[in-house]
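Hi everyone, thanks for coming. Please take a look at the structure on the screen, and I'll walk you through a few parts of it.

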Amino acid sequence: HRAFSLVYQPIVHLDSGTISGVEALCRFNDGYPPDAWFEKCEQLGLAPAMDLAVIELALLDLDRLPPGYLSLNLSAASLAAPSVLCDALQVATARRPIVLELTEHAVVEDYEVAIEGLRLLRDAGMLLAVDDAGAGYSTLQHILRLAPDIIKLDRSITSGMDHDPARRALTNALVIFAAEIGASVVAEGIETERELAA
């Protein structure tokens, strides 16, 4: 019944302090955690339909969002039917950059199918971000195979990195890796001035 709404998380450029884009985040009216709802959708085979419903709602907000890109979360299952996403987002890509975020936790059943789906989406002008990088066991393999345009460092890495040499070292390695493959880096969960400086 589409009993959900969207909130938008700003993505700020660290050098200029300006908003580079926003990420659309789903909030359900019953207060049930979004991750739990999306996991249930995956189990029921409804993940692509849920992705599309969220995208359609986000597109209604397009004109009132600040300048910059719009980032939308995506399930791996939606990559099997990329033409539906292309049709839904075709008008939006002419108005602002669209970034599709695939979580690092997403179970990609068939990378060949996923890569072909991503090719079609990229040909239509969309970018790919790998979300939650560093939070799971398969980060590097996932990133290598999908070749994202943006790598999003999980907050479990950025949180406390100002006093944790291991977190700084991992971040440094991922920043260097991103530069080598021509990707940008987004660090989630920066909460303090010291974390920002680090």
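Let's start with Val 12, which touches Gly 17, Thr 18, Ile 19 and Ser 20, leaving aside residues up to four places away in sequence; contact here means heavy atoms within 4.5 Å. Before going on, a word on the source: this is a predicted model, where local features need pLDDT of at least 70 and side-chain atom pairs count only at pLDDT 80 or more, while totals for chains, interfaces and linings use all residues. Residues are numbered from 1 along each chain as its sequence is written, and side-chain values use heavy atoms, with hydrogens and water left out.

Back to Val 12, which sits in strand β1, residues 4–12. Helices (H or I, at least four residues) and strands (E, at least two) are DSSP runs, numbered from the N terminus. The C-alpha atoms of Val 12 and Val 186 are 8.9 Å apart, although 174 residues separate the two along the chain.

Now to the helices. Two packed helices are described by the angle between their axes and the distance between the axes. The axes are lines fitted to C-alpha atoms, for helices over the stretch in contact, and angles run from 0 to 180 degrees between N-to-C directions.

Helix α1 (residues 34–43) packs on helix α2 (residues 47–60) at about 135°, with the axes 7 Å apart. That makes α1 oblique to α2; under 35 degrees counts as roughly parallel, over 145 as roughly antiparallel, 65 to 115 as roughly perpendicular and the rest as oblique. Phe 38, Cys 41 and Glu 42 in α1 meet Ala 47, Met 50 and Val 54 in α2.

What about α2 and helix α3, residues 82–95? Their axes come within 11 Å and cross at roughly 10°, and α2 and α3 are therefore roughly parallel to each other. From α2 come Leu 52, Ile 55 and Leu 59, and from α3 come Val 84, Leu 85, Ala 88, Leu 89 and Ala 92.

Last stop: helix α4. Its buried residues are Tyr 111, Ala 114, Gly 117, Leu 118 and Leu 121. They cover an arc of only 125° around the axis, so they lie on the same side of α4; the arc is that of the directions from the helix axis to the C-beta atoms. On the other side of α4, Glu 112 and Asp 123 are exposed.

Conventions
Buried < 20%, exposed > 50% of the residue type's maximum accessible area, 1.4 Å probe, protein only.
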